[in-house]
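Hi,

Here is the model I said I would pass on.

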Amino acid sequence: MRANDLQFKMHDVYEVVKLLKYSVQIESITAYDNYLLVGNRLGHIFLYTTSPRVQLVDCNKTFSKRPILQLTAISECQIVICLSDERVSVLDVSRDKVIHLKTPGLQKTKGASYFTVNVKTPDGLQSNPSNTVVRLCVAVKRQLQVYYWKGKDFLEHSENINLPDIPRTLVWCDQTVVIGCKNEYYLFDVTMEQVKPLFLTGKNQEPIITKISDTMFGVVKDSHLIVMSTMGKVSEQQFIKWVDTPSIILYDEPYLIASIGDKLYVQTIESVESSVSRQVISASSKTMNMFTCKSGLIYVSSTLDVCCLKAVPFSKQIKRLLEDKDFQLALKLANISDESIDDKEKNVSQIRTLYANDLFEKKKYQESMREFLKLNTDPYDVIRLFPNLLPQSDSDYGEEILEKEMEIKIVALIEYLTEVRFNLLKEPNTKNQTDILEINTNHQEQLLQIIDTTLLKCYLQTNDALIAPLLRLNHCHLLETETTLKKYKKYSELIILYQTKGLHSKALELLQKQSDDSDSNLKGPERTIQYLQNIGSNNIDIILQFSDWVLKKYPEEGLTIFTEDVAEVEHLPRPKVLDFLIRNHKNLIIPYLEHVIHVWNDTNAICHNALIHQYREKLQKYNSMSMQADEQTAQNTKTKLLEFLEQSKYYTPETVLVHFPLDGFFEERAIVLGKLGRHEQVLSMYVTVLDDVNRAINYCDKVYKLKNENSDQIYVILLRLLIDPPDSWLAGLGDVSKPAPNLEKVIEILNKNAAQIATPDVLKVLPDEIPIHRIRNFLVTALDKAISNRRLYQVNRGLLYAKLLKIQQQRIFYESQNITLTEFNICGVCKKRFGNQSAFVRCPNGEIVHYSCHNHKAD
């Protein structure tokens, strides 16, 4: 922080109240509760009560003949530790008397120059003084002695610690003692019993140390106070500058009071290049001692005077600080005030709000937004600081984009709103009451709506590349956002807005309009196709409606609306898409069905039947065209149809068959009839119509391999058709001449497939004119097959008979065994006798048990 940023006005922090005046020089003071102790050069110790007025309670003039150099009161134990005549002693003040206690444990403190104490009481145990832990560290020449209080005496805590120089001042912080020697500062770790150097003191300067907290302290070097931790690290607020080198410094949260010359300077812990005093208190002479009795009450002594500094009530200080716009110090005072928790939180919140607004007025926008964020300020109140961003604002954003200050302002607001938005989305309400939950949810939704709408306006002025990511998961106000985006012609972002709000028709209408605009980045069908591919089956009617113009202008690209390999497209209702294509785009039916069946492996009979019908209609169309028709295309279509009829298992043969004409598509009909199991009609078609016996034989081979019932009869049917061809494969079909009997082919089939043919049935249909020697191979093979079958039958019959005999023998053996069960027999499981009605089980080892016991034993 720069010194220029800290132009504080002085105000009254403390009020000075004069208490005592002496004729003998004052050497030390201490205080506790409502008592004040003063030690002078003559060795006298005075005990005063300060409430309701200063009054002498006791005076010990016999304690010492040497000056009382140091006094420290420990109110928890009602004792005062005193340094005089190079010794440390203990005084008992529990009965409003200054009584010297005999402490044999402190006999080794002869030669002491300074001491410091550490008093700690565990939380929750403050009511019992015996729970207070008091530790004492004494500087004796070049050594440190550590003691602890037990009973009515101090006992040694550890061995003496050697030092490189004689300590001139000590301060105890937590487990560390800060040591100030003539030329250098040191840290002594009480737990580890280790001493480490810090840095040198200033030139010709006495070491000065002040305790700030249990873990923080300050040391003076030249005209600076350096704030450090007990680990030896310099804090963030490193150096506090003073007008000159202080002789004494005391910390009274949140103020530092330093004695410089004949004045007391009051500052706060602010790291600045020049001193900034909050108050300057003039004194009649140089201050010699300062002691903090409690927060806001400090006793100060000069050579002959004692006075006290009483803090001005925090409420008055805060009021003055707010008038001076010194919010940081006002916050510190509000946080340490003794008000109730609710009042304190209220005051702190008000001060921070004023501070945040003041930062905004000073154009420190980022710092202001951070304060609003910490305060959980209503985002709408923050947005109101930007009038041009409020809803229904007619201001022209364009003029302000050019202003650097406005840009900085907007960037700070973006950071603030982004963090608030993140917190709102991260922490959903978890309250149990339904009504409260509903109210909070509605309020949160309204907040998000305001935040997102404002963020969008901010992005338009700073970085419009962030608009699209915002809109993909937004809570923007629809009408206002729509108006704003149209104003700036952000049509791509407007499409995203419509999509996230579920307004698909408006988005697609805009895309259709923009597709014809040569200057638009939405020109062409790509964005419409992409949009339609991603809105899912719930919007199938919209998809069909707006895909129509794409399919008409760009059929190949448009078909990907229904065939793209994305989950949303794959789950569209295919029968409905098919019906749409049949009614409006017949040329795209076959590509669509081929993709659905061959790529997506669809097994729906509707699609399979439809593809067959489309192939058939396409072939019929080619057959009806002139000679100039593309024969290669027709042949490819026919090949596809035949392969599909052979390979598909999911079309309905009965439905498909009735659509094929009787005077054509014979190969196709043959395949479909084969699927129906009408083998005689298939073979008759191959023999009489197509005159392709080899194909008939192949068909027989295929059927025989299936090993269905009566599969060996398939060859018999073919042979019968070859021996006595029918007049027609179908009654009533004309223009088909009856073929002549083909006995040579019959003989060839008999000899080649002798093992697969049912011999008795074939012999019945063979004509007498076929010589026996021509079918010798068939007869030999058939005879061998019959003999082999007979032998196999005999072997199986013998094996089955042997097995039967063995089983009969086992039955006779088991039936011949018997058991005698009397009332003396005992169950081997439950050890009980068998009753007359008992069900029992005889185990393989001969043991007899109850039926229930056997089941239990098995379990």
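Predicted model: local features only at pLDDT ≥ 70, side-chain atom pairs only at ≥ 80, totals over all residues.

Helix α22 covers residues 666–676, and a run of its residues is buried: E668, R669, A670, I671, V672 and L673. Their cover includes helices α20 (631–647), α21 (653–657) and α23 (679–689).

Next, the sheet. Four strands form an open sheet in the order β6-β7-β8-β9, and the pairing is antiparallel. The edge positions go to β6 (68–74) and β9 (99–101); each has a single partner strand, so one side of each is left without a neighbour in the sheet. On average, neighbouring strands here are turned by 35° against each other, if you ignore direction. For the pair β7 and β8, residues 79–84 and 87–92, I get six bridges in the antiparallel sense.

K409 belongs to helix α7, which spans 404–426. Is this lysine buried or exposed? Its relative accessibility is 16%, and since the cut-off for buried is under 20%, K409 counts as buried. Setting aside neighbours within four places in sequence, K409 is in contact with F360, Y365, L385 and F386.

T483, on the other hand, is found in helix α10, residues 478–487. This threonine has a relative accessible area of 54%, so it is exposed. I also checked how far T483 is from W242: the two are 241 residues apart along the chain, and their C-alpha atoms are separated by 60 Å.

Finally, the domains. The assignment divides the protein chain into domain 1 (106–241), domain 2 (513–602) and domain 3 (818–858). How far apart are the C-alpha centres of domain 1 and domain 2? They lie 83 Å apart.

Cheers

Technical notes
Residues numbered from 1 in each chain as written. Heavy atoms only, no water. Pairing = 2+ DSSP bridges. Helix = DSSP H or I, 4+ residues; strand = E, 2+ residues; numbered from the N terminus. Axes fitted to C-alpha atoms, helices over the stretch in contact; angles between N-to-C directions. Buried < 20%, exposed > 50% of the residue type's maximum accessible area, 1.4 Å probe, protein only. Contact = heavy atoms within 4.5 Å. Domains from an automatic or database assignment.
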